[in-house]
Amino acid sequence: MKILIIDDSKLVIEYAKSILLENNINCDIVTCNNGEDGLRILENEEIDVIILDIVMPNISGIEVLKRIRLNKKYDDVQILMFTSLQDKEFLKISFEYGATDFVRKPIEVIEFISRVKAAIRVRNYQLSLREALSILEDRNSQLVELNKQLKEAQDYMVQKEKLAAIGQLAAGVAHEINNPLGYVSSNTETLSKYIVKYKSIIKEYRRLIEIIEKNNLNFDEIMEIIKNIKKLENKLHINFISEDGEMLINDSFEGIERITKIVHSLKNFARDEKNDEYDNYDLTDIIEETLLLIKNEYKYSIDIEKDFQITSQIFCNRIQISQVIMNIIINAVQAIKSQNRNDRGLIRIKVYQQEGYVICEIKDNGPGIEKQNINKIFNPFFTTKNISQGTGLGLNIAYDIIVNKHGGDIFVESELGKYTIFTIVLPIKKLENN
Ligand SMILES: Nc1ncnc2c1ncn2[C@@H]1O[C@H](COP(=O)(O)OP(=O)(O)O)[C@@H](O)[C@H]1O
Ligand SMILES: [Mg+2]
């Protein structure tokens with residue numbers, strides 16, 4: 001702590017200094033006899049308290065005070081005006097210019113000491129406040145930085161969650177495509193054999209036509225050819241291959257359509273959703289498309305029961321809604337599969353409309369959710385799965401998509417060992433701020 005005394009009277013300075021020393025004021029004391037020197041000292045040293053005489057030659061104490069207070073740097077320096085009774089008017093002005101207190105001349109020891117001590121106390125408070133503030137500022141900027149990093153990590157994880165979903169699905173989707181691809185290719189092989197047979201029959205017909213055209217109609221010869229044709233038709237099962245060929249072609253068409261649909265859904269799902277506009281969609285269409293993508297995940301061990309009532313279209317981002325539905329159904333599938341049960345699991349999807357909302361309930365008869373976890377499942381990174389199966393972000397993202405992005409609601413109800421129901425509520429109408 002450093003005190004600066006500015007007074008044109010050396011006598012006063014010496015007296016003031018001796019009082020401070022005698023009273024064990026634990027401070028460094030710097031002194032000078034005019035305002036200019038005072039301002040210079042202030043510039044070069046850390047001064048905490050100034051005792052400033054008002055009436056001085058050249059620049060007055062009031063002027064010095066003004067100049068000090070002009071500089072923000074000295075805002076909280078304590079300034080005690082050193083004043084005699086005649087200076088009353090000046091005292092008033094000093095307070096207007098930012099003096100913090102005054103000490104009277106001639107010096108009254110008790111008053112002088114207690115005012116200086118008070119100024120030192122205030123100054124000490126200020127210093128510790130300043131330190132606390134700077135610690136707080138440091139902490140705050142650390143927090144801001146951490147927050148930024150967390151946000152980046154979260155964005156990365158959101159991206160990763162979708163990629164992970166696509167990755168997990170890829171094998172299943174390939175399988176789903178392989179199946180129709182298998183029979184389309186075997187149908188094509190059979191059809192190509194049928195064509196060889198058709199060709200040999202056609203050859204006989206051509207021969208017949210040739211003979212008739214040549215006009216040397218030999219009845220026996222013609223009958224012979226006809227007999228041969230009939231025989232060949234029987235031998236080649238032409239009636240059968242005609243009927244079967246038609247069936248194979250229809251079958252192949254259906255297979256190709258299935259492949260096209262799956263590829264289309266996958267392409268839709270994988271698309272960069274930022275570019276995807278909101279539009280009006282049928283929730284049940286979105287669910288059907290999603291089911292198509294994840295069919296391979298459930299078809300061997302779980303039945304899906306659909307109870308779709310007719311509902312209005314909802315204004316939404318289709319890819320985002322599909323991501324939510326997919327995560328909820330995959331969660332249900334994983335939960336059921338984790339039970340290693342002997343019977344088939346069941347997932348019921350119900351869609352209905354209520355007032356201005358379309359509601360979708362997805363219920364599974366899996367293991368349910370433990371009471372201590374039910375409040376945590378929407379938290380980011382909460383998962384009960386191992387690292388290859390879950391990121392713990394699925395439901396957190398689902399919440400963000402349904403509640404924040406679509407103005408809807410999502411909640412869960414579960415009974416341990418019996419069932420889990422996820423309910424999604426989506427407004428039919430466009431959100432005001434969307
Ligand atoms: N249908 C369900 N049955 C049982 N538990 C579930 C079900 N759906 C979600 N959970 C629980 O919620 C947790 C969080 O799910 P989610 O956010 O999708 O992350 P992840 O699937 O990556 O674990 C899961 O780990 C699981 O414990
Ligand atoms: Mg999940």
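Guide: Happy to! A residue is called buried when its relative accessible area is under 20%, exposed when it is over 50%, and partly exposed in between, using a 1.4 Å probe and protein chains only. This is a predicted model, in which local features need pLDDT of at least 70 and side-chain atom pairs count only at pLDDT 80 or more, while totals for chains, interfaces and linings use all residues. Residues are numbered from 1 along each chain as written, chains are lettered from A and ligands numbered from 1 in written order, and side-chain values use heavy atoms, without hydrogens or water.

Side chains of opposite charge can pair when their charged atoms come close. Here a salt bridge is a side-chain nitrogen of Lys or Arg within 4 Å of a carboxyl oxygen of Asp or Glu, and the structure holds 20 of them.

Let's start with lysine 2, which pairs with glutamate 45, their closest N and O atoms being 2.7 Å apart. Lysine 2 belongs to strand E1 (residues 2-6) and glutamate 45 to the loop between helix H2 (35-44) and strand E3 (49-53), so this bridge ties together parts 43 residues apart in sequence. Glutamate 45 is partly exposed, at 30% relative accessible area.

Next, look at aspartate 48 and arginine 123: their salt bridge has its closest N and O atoms 2.9 Å apart. Aspartate 48 lies in the loop between H2 and E3, and arginine 123 in helix H5 (residues 109-214), so the pair links parts that are 75 residues apart in sequence. Both partners are covered: aspartate 48 is buried at 7% relative accessibility, and arginine 123 is buried at 2%.

Now turn to aspartate 53, which forms a salt bridge with lysine 105, again with 2.9 Å between the closest N and O atoms. Aspartate 53 is in strand E3 and lysine 105 in strand E5 (residues 101-105), so parts 52 residues apart in sequence are tied together. Aspartate 53 is buried, with a relative accessible area of 2%.

Finally, some of these bridges share partners: Asp48, Asp76, Arg123 and Arg130 are joined into one network.

Note on methods. Helices (H or I, at least four residues) and strands (E, at least two) are DSSP runs, numbered from the N terminus.
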